[in-house]
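Visitor: I would like to learn how to read helix packing and strand pairing in a model such as this one. Could you take me through it step by step?

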Amino acid sequence: MKAARYYGQRDIRIDDLPEPQVGPGTVGIEVAWCGICGTDLHEYLEGPIFCPTHDTPHPISGETSPITLGHEFSGVVYAVGEGVADIAVGQHVVVEPYIIRDEVDTGPHSTDYHLSRDMNFIGLAGRGGGLGEKIAVQRRWVHPIADSVPLDQAALIEPLSVGYHAVQRSGAKAGDVAVVGGAGPIGLLTSAVLKALGVTVVISEVSDLRRRKATESGVADHALDPRTADVAAEVRRLTGGRGADVAFECTSVQVVLDTLMDALRPTGVLVVVSIWGKRAEFDMHKLVMKEIDLRGTIAYVNSHPATIELVESGKIDLEPFITGRIGLDGLVDEGFDTLINHNDSAVKILVSPSGKGL
Ligand SMILES: [Zn+2]
């Protein structure tokens, strides 16, 4: 089978690999669609970050580079391993792509398995990836989805779960006003979850195209250009002078952090969703004087069932966020290149590893 493998910086190759063994406790999945994520781009341009190197194996997977990429994927079950009785061949599924130590409690009531030591992701640190035609995944991380959800949209459930967990971290509830800094894929999908919960969403975004996507898809009530609008003043105007209840930082840009601090009401909650590769400047005095709650969020934890429900029930439509569909051979030239050099024209580019559906 064909798979895209990461060898190192700017070195991704389409390789011919043996099909995975569907061992005991695992589910064999024929990948339908796999999204290209910002994390994949960082591995390509600046990595290895999450990926292991050629000589240091990942402590849990035991694997070194090359590593099959792809952690945002949907597919159809083609085989089940010994001991798997609650999932059948033909079932449509998505994967919660974790690599987590066996001794960690990953049960339905765990709230912290995503923070366990050496946690990493399928498609970044081993165990196959969604940018291969087939993959075998431990049953724990396979989530069935209804046939009514198109498989291309289902590939966006993984990044949507990131938004779901971020919203949970914020404590936002219906009737609240949220400000989202940045309308990249994660900013848009976080906004989609907020809207589905009945929260009013104000997005701050410099790109015209992304602002248009935010309003046309219906996930933002207001989309402001921070170069021409005073975002904090506009948010106060919209909230009768009060300020936003919650804010989400989805850019890792300093000025956005400052703007969100200004736009929040006293005792508001600021959730940092983006990955910061550098230290931030922080107005600590403002945080103290407004009693702001500053919270981090990473990935998801037991978030997939509720996220899937939002999509199955039609409360969230993921179709507007799919802006391209390509084959594995176009991964670097069409996929990565577009996202790196023309990133405001694309939201989510999906790859069909087998070429089916193109
Ligand atoms: Zn991702």
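Guide: Two packed helices are described by the angle between their axes and the distance between the axes. In this structure, the axes of helix H6 (residues 231-238) and helix H7 (residues 254-263) come within 8 Å and cross at roughly 25 degrees, where axes are lines fitted to C-alpha atoms, for helices over the stretch in contact, and angles run from 0 to 180 degrees between N-to-C directions. Helices (H or I, at least four residues) and strands (E, at least two) are DSSP runs, numbered from the N terminus. This is a predicted model, in which local features need pLDDT of at least 70 and side-chain atom pairs count only at pLDDT 80 or more, while totals for chains, interfaces and linings use all residues. Residues are numbered from 1 along each chain as its sequence is written.

Visitor: How are H6 and H7 oriented to each other, roughly parallel or roughly perpendicular?

Guide: H6 and H7 are roughly parallel to each other (angles under 35 degrees count as roughly parallel, over 145 as roughly antiparallel, 65 to 115 as roughly perpendicular and the rest as oblique). Val231, Ala232 and Val235 of H6 make the contact with Thr259, Asp262 and Ala263 of H7, two residues being in contact if their C-beta atoms, placed from the backbone, lie within 7 Å.

Visitor: At what angle do the axes of H3 and H9 cross?

Guide: The axes of helix H3 (residues 157-170) and helix H9 (residues 304-312) cross at roughly 110 degrees and come within 9 Å, which makes H3 roughly perpendicular to H9. On the H3 side the contact is made by Ile157, Leu160, Ser161 and Tyr164, and on the H9 side by His304, Ala306, Thr307, Ile308 and Val311.

Visitor: And how should I read a sheet; in what order do its strands lie?

Guide: Strands of a sheet pair through backbone hydrogen bonds, either parallel or antiparallel. Here 3 strands form an open sheet in the order E2-E1-E4, with antiparallel pairing, and two strands pair if DSSP finds at least two bridges between them. The edge strands, each pairing on one side only, are strand E2 (11-16) and strand E4 (67-68).

Visitor: Over how many bridges do E1 and E4 pair?

Guide: Strand E1 (residues 2-8) pairs with E4 in the antiparallel sense over 2 bridges, and tyrosine 6 stands opposite isoleucine 67 in E4.
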